[in-house]
Amino acid sequence: MTAQTTETSGESSTESDPVLSVSGLKKYFDQSQGVLDRLVGHTGTVKAVDGVDLTLREGETLAVVGESGCGKSTLAQTVLNLHRPTAGSVRYRGDDIAGLTGREMRPYRREMQVVFQDPLASLNPRQTVGEILTAPLEVHDIGASDDDRLARAKELLERVGLKPAHVDRYPRQFSGGQQQRIAVARALAVEPDVLVADEPVSALDVSVQAQILNLLEELQADLGLSLLFITHDLSVVRHIADRVAVMYLGKIVETAPAATLFEDPDHPYTESLLSAVPRIDPDDRPNRIILEGTVPSPLDPPSGCRFHTRCPAVIPSSDWRGTQAQFRAAFTFRNRVLDGELDPDAARTRLESEDRDPTEENVSAYLVAQALPGDPADLPSKPADAVRSAADALAAGDHERAEQAVTDAFRSPCDQQVPRDVETGDRLVACHRYDPDAPGGTEW
């Protein structure tokens, strides 16, 4: 991160104003308008980006990371106004560009450029490389003549490690890594202030990835670019980012300097992501955290903290008398009941295939064994009774009673309250465990 010093009325500041400032940004997609969507039952609103705050400073690389489908690319495209925001603001050097028309965005397009994931798909196959690189120069009226613009295109090719003679070739005549270099050259043609790189190396071989990453770092240093880097690969992030924002299901759950995040992650989701990063030295690998359950749908995200359905550190209710591990086991059972993952008919079929009598009692015991990590006898007596009661209700076909049993027995602040951003040192983390005002948060 590059710090700048400004002086006002005799006071100095070593931190520059943000180049980009994103506040409360939301992007929802309505799934009920298309005929096909209605036919297949895809109705409702996809909350792809749901209240994101970010800042990108001068010369900084800010990486946004998370699993596929968490909303990273939608966030990048909404920041660039390629998607019209549902709510919130995106300020470029103080100017709010959220929702501007194409004509109004034109001067900002020169300052904010993008490199997409698939280089071949983003390059016009009917244009030569020269035409691809001179097109943005013509749009923004850069260069005194066609010859001048062509000369600039050749200089750009050299800058990204290609030959000036390549201006007459077509994109299909290049390898994937070379195509991405052309995409980078096109983005740099108008001398932007901000470069948004949306998974720029994920479609490339590992050796080529390193070349493109090194190229981006060199260009950033030479040109003073501010870089918003979108990726799911944390091993890439460690070597390129100044700060990291971790995204889960449309929300940012932790933002921290890269070194801080990798050394000491706060949010349980960040911990789980880092535990999966490959290490050369097996002894350097932390204990792998295997997340329970599946990623919820952005059509119907969980209440409270969106990660609570998979969180290994979910906070028990104030009246819980067991351990956190016991609560986690019971809470996992609860979530599987509420999500409809336990099928008594499938249990009966399985019991019959094993030559066991599919009585309600056996079905109930089978559902508990399938969905509860550990033995129900390990739980305190009341929670154990609630688990058995819910399983009995499912075996009897009474889903409503089963849901009520687990809802009453296993409550958590994590599913009842949306966590606020808490400042812990040099980071922000949205987790009740770090919030002194959250019920029971700091106790666990």
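Trainee: Among contacts in the chain between residues at least 6 apart in sequence, what percentage join residues at least 24 apart?

Mentor: In this model, which is a predicted one, 64% of the contacts between residues at least 6 apart in sequence join residues at least 24 apart.

Trainee: And how many helices and strands does the chain have?

Mentor: The chain has 17 helices together with 14 strands, and of its 444 residues 48% count as buried. Taken along the principal axes, the box filled by the C-alpha atoms is roughly 85 × 60 × 50 Å.

Trainee: Switching to pockets, how much space lies in the largest pocket?

Mentor: The largest pocket holds about 670 Å³ of space. It is lined by 35 residues, and the closest to its centre are Asp53, Ile252, Thr255, Asp421 and Leu428.

Trainee: Which strand gives the most to that lining?

Mentor: That is strand 12, which gives 7 residues to the lining of the largest pocket. Strand 12 spans 251–257, and the strands that each supply at least two lining residues also include strand 3 (20–30), strand 4 (45–56), strand 11 (243–248), strand 13 (421–424) and strand 14 (427–430).

Trainee: How do the residues of the lining divide between nonpolar, polar and charged?

Mentor: For the largest pocket, the lining has 15 nonpolar residues, 7 polar ones and 13 charged ones.

Trainee: Let's move to the helices, then: at what angle do helix 13 and helix 14 pack?

Mentor: Helix 13 (residues 344–353) and helix 14 (residues 360–371) pack at about 105°, and their axes are 9 Å apart. An angle of 65 to 115 degrees counts as roughly perpendicular, and helix 13 and helix 14 are therefore roughly perpendicular to each other.

Trainee: Which residues make the contact?

Mentor: On the helix 13 side they are Pro344, Ala347, Arg348, Arg350 and Leu351, while helix 14 contributes Asn362, Val363, Tyr366 and Leu367. Sorted by class, this contact of helix 13 with helix 14 has 6 nonpolar residues, 1 polar residue and 2 charged residues.

Trainee: Why does arginine 106 count as partly exposed?

Mentor: Arginine 106 has a relative accessible area of 45%, so it is partly exposed, given that this class lies between the cut-offs of 20% for buried and 50% for exposed.

Technical notes:
Residues numbered from 1 in each chain as written. Predicted model: local features only at pLDDT ≥ 70, side-chain atom pairs only at ≥ 80, totals over all residues. Heavy atoms only, no water. Axes fitted to C-alpha atoms, helices over the stretch in contact; angles between N-to-C directions. Helix = DSSP H or I, 4+ residues; strand = E, 2+ residues; numbered from the N terminus. Parallel < 35°, antiparallel > 145°, perpendicular 65-115°, else oblique. Contact = heavy atoms within 4.5 Å. Nonpolar A, V, L, I, M, F, W, Y, C, P; charged D, E, K, R; others polar. 1 Å grid on protein atoms, 1.4 Å probe; cavity = no way out; pocket = protein on both sides within 12 Å on 5 of 7 lines; lining within 4 Å. Points joined across faces, edges and corners; volume = space filled by probe spheres on them. Buried < 20%, exposed > 50% of the residue type's maximum accessible area, 1.4 Å probe, protein only.
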